[in-house]
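Please look at the sequence and the structure below, and keep both in view while reading the report that follows.

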Amino acid sequence: MSETAAHPTPKLYWIIALILAVVTAIEVAIPSIPALDPIKVPALLILGAVKFAIVVAFFMHLKYDTALFRSLFLIGVFGSIPLFVVVLLTFNSL
Amino acid sequence: MATHTAPDPALDAHAGGHDVHKTRKTAMWVFLGSECLFFGSMIATFLLYRNTTEGGPGAELFNVPFTSASSFVLLMSSLTMVLAHNAFERKDSRQGRVWLAGTALLGSIFLAGQIFEFTEFVHEGLTLSTSPFGSSFYMLTGFHGAHVAIGVMMLAAMFILSLTGRLNDEHGLNVELVGLYWHFVDIVWIVIFTVIYLLQV
């Protein structure tokens, strides 16, 4: 059994890039719309996370690669969250 | 009676090559995982000092439309990078070189934009030593810029190797590894752009 699945085609890469461009445009528009102020922070964080996940999954092929690579990267990503919290808590900034 | 078959050297070489491929790729993912912690701590430091401007300039200096354009350029460089990798996988070196050069060009445009932005900020009075805000901002974005610069150099090396015919199948993994590094630089900027620029204005 193959360890990795087939990678996407160039056509799919272009579609993904278009989606990323649209999400970026929405991100840039959000701070300039006063009506969206109450949801600005969560909306920007979610859109940023979506872009992050799309690039990692499709451009870095993590969606198609082995579980080992996925685990190694996710340890770094999720390891940085407690690090983040500890730094901010240490200086009473959270 | 069981028959003994001599090992096939070609098969062994292939298996060895596969192991090297996997080991190098694993090492790259370990490196990228550790880089997440590195940039995570830098972003946390910036958030810690985001309001400590010591009376100097702060986030009001940020030119979001300009940085949005830079972000878009870097995002599109991820597309050209993945297309370069795809072309080399299809053994289309000529197209691969075009996309590699495109990626290096977009990376250079991003760097030029960052140098312009830093110059503007220094003229407005925000330097590395103005305040903790300035120090943490320049450290974070400067380290990211250094990563982009190293990426551009690696892309240029790949381009030259390909031109001189030394980027053959055995080195195909190099394009993949450089690609992983480049996409990582892009995702770090996705976080920096959101947390440092968009959320502070």
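The buried residues of helix α3 of chain B are B:G96, B:W99, B:L100, B:T103, B:A104, B:L106, B:G107, B:F110 and B:F121, where a residue is buried if 20 or more other C-beta atoms lie within 10 Å of its own, exposed if 12 or fewer, and partly exposed in between, with C-beta atoms placed from the backbone. Helices (H or I, at least four residues) and strands (E, at least two) are DSSP runs, numbered from the N terminus. This is a predicted model, in which local features need pLDDT of at least 70 and side-chain atom pairs count only at pLDDT 80 or more, while totals for chains, interfaces and linings use all residues. Residues are numbered from 1 along each chain as its sequence is written, and chains are lettered from A and ligands numbered from 1 in the order in which they are written.

Helix α3(B) covers residues 93-123, and its 31 residues reach 45 Å from the first C-alpha to the last, close to the 45 Å expected at 1.5 Å a residue. Just after this helix, B:G125 takes a positive phi of about 100°.

The largest nonpolar core has 66 residues; such a core is a set of buried Ala, Val, Leu, Ile, Met, Phe, Trp, Tyr and Cys residues joined through C-beta atoms within 7 Å. At least two residues of this core come from each of α1, α2 and α3 of chain A and each of α1, α2, α3, α4 and α5 of chain B, and the largest share, 18 residues, is supplied by α5(B). Among the residues with the most contacts inside the core is B:I43, which, leaving aside its neighbours within four places in sequence, is in contact (C-beta atoms, placed from the backbone, within 7 Å) with B:L140, B:V191 and B:V195.

Where the two chains touch, the contact takes 36 residues from chain B and 34 residues from chain A. On the side of chain B, α1(B) gives the largest share, 15 residues.

Chain A has three helices and zero strands, and its helices are listed here.

| Helix of chain A | Residues |
|---|---|
| α1 | 10-29 |
| α2 | 40-59 |
| α3 | 67-90 |

The C-alpha trace of chain A spans about 50 × 35 × 10 Å along its principal axes, and of its 94 residues 22% count as buried. Among contacts in chain A between residues at least 6 apart in sequence, 50% join residues at least 24 apart.

Conventions
Expected span 1.5 Å × (residues − 1).
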